[in-house]
Every structure is written in C-alpha cells, then in structure tokens.
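Have the viewer open and follow along.

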Amino acid sequence: MFPSKPPRGEWGACQFCGVAVPPGSTKCDLCGAAAPLTAQQLTSAPPKVRRRVRLTGALRALIVIVVVVGLAYSLVSVVLQGPPVVADPLTTAAMYHIGAGNITILSGEITGSDYVLGNFTTQLPSGASIQLAVYNSTEGAAYFTGSPSTPAYTIAPTSDGRIVFSAAYTDTFYFVFTNPYPVASHLTVEVWITTTYESNVGDDGFA
C-alpha cells in the first residue's frame, strides 16, 4: 500500500511559539495554541505577533547552534586528550609507617619482560632496616595464608634498598615490605618507598 499524499495547501506558523504547522491544521501540534497563521497571514499580522514568531524562531536556531557547538567541542576534546590514563598501582611514591613485625604491600599486574624500578630508604629511626620480598600470585596466596612460599625476588634487611625487578611472565606480583624487628620491640619504622613500572619495549616496537 502506497503512503498517502502529503496534505495540499500552505504551511503556516503558530502565532504563539512560531513552530511550523501543517496545512489544514487548526491548532499547533507543539503548544496547542489555536488559529495558526499562514505565511501570507503572518506578513499582515500585528507587529507584536510577528516579533514573537521571529524571536521564538531565533531562539530555536540559537539552541540548535549551541548544542552543535557543544557536541563538537566534546568530540574535539576527547580526540585531543586521547584515551584516559590510569595510574599504575606499581608506580608510587609515599611514606609508610610499618610497625614491628608488620608489613606493607604494593601489588599489581606486570606484563612478562616488563619491570619495576625503585628504592626505599628508612627515615626514622635512623639506620633502621626494612626487607623486601616479591611474590607471584601463587606464592603470594601461600604467603598470606602462612604456608611455605618462595619469593621471586628479595632484598635483605637494609636501611637503603634499590629495587630492580623484572617479570619473566605476566602475573600479579606482590611487593611485601617487612619490618623485621620483633613485635616486642615496639619499633615502628618510617620508610620512604618509590616504585616505577617500566615497559620493556624495544626500539622496533616489540617487547
């Protein structure tokens, strides 16, 4: 079945909101105002009506322009900013207070052949030591449940340690910083720790 033909006649405009009104309509489909004006009637309408129709038309055009400009600005901003940058949990710099016999953990996924560089330095008390052990996900689960575990990387207790850890495979790794002093000593160590995740991508673009 073919669609019906559009109504014949002259399109008009609502004398209240200025929106276009189909031929033969007795009221505005948008605001419901009665007695829409044809283009010919509009030219002879009272000045107040003509001004209102022109003003509402200009306002609608302005709204469309503002929306288009806003969308264009948003799209351009996204393109210029690029994808969002999410801070890597293994890129940190902070001061930690580790109680006697307690630990502080930094963890995150490391892609195979990527590495983490960093250092830690005890601030108070002067010369106090901190030790580091790095566990993969399997050994970390064992360590946290008190089962026998083997770290993938260790630094013996020291007051100033340099971290150079390279992952042989992709996994979640746990950097466990331990205050080695017995709980009875009540010795809290203040230590400054910095770590940086580095991607091992060669000049040819391959890892």
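## A threonine and its polar contact

A polar contact here is a pair of N or O atoms within 3.5 Å, and within protein one must be able to donate a hydrogen and the other to accept it. Keep in mind that this is a predicted model.

With that in hand, go to Thr122, which sits in strand β6 (residues 115-124). A polar atom of the Thr122 side chain lies 2.8 Å from the backbone oxygen of Ala128. Thr122 has a relative accessible area of 9%, so it is buried, given that buried means under 20%. Leaving aside residues up to four places away in sequence, Thr122 touches, among others, Gly127, Ala128, Thr158, Ser159 and Glu190.

## An edge-to-face pair across the chain

Searching the whole structure turns up 8 aromatic pairs. Take Phe144 and Tyr174: their ring centres are 5.3 Å apart and their planes stand at 85 degrees, so this one is edge-to-face, since over 60 degrees counts as such.

That pair ties together distant parts of the chain, with Phe144 in helix α3 (residues 137-144) and Tyr174 in strand β10 (residues 171-178), 30 residues apart. Phe144 is partly exposed at 38% relative accessibility, and Tyr174 is partly exposed at 22%.

Next up are Phe165 and Phe173, whose ring centres are 5.2 Å apart with planes at 65 degrees, so they're edge-to-face. Are these two buried or exposed? Both Phe165 and Phe173 are buried.

Notes: Residues numbered from 1 in each chain as written. Predicted model: local features only at pLDDT ≥ 70, side-chain atom pairs only at ≥ 80, totals over all residues. Heavy atoms only, no water. Phe/Tyr/Trp six-rings, centres within 6.5 Å; stacked < 30°, edge-to-face > 60°. Helix = DSSP H or I, 4+ residues; strand = E, 2+ residues; numbered from the N terminus. Buried < 20%, exposed > 50% of the residue type's maximum accessible area, 1.4 Å probe, protein only. Contact = heavy atoms within 4.5 Å.
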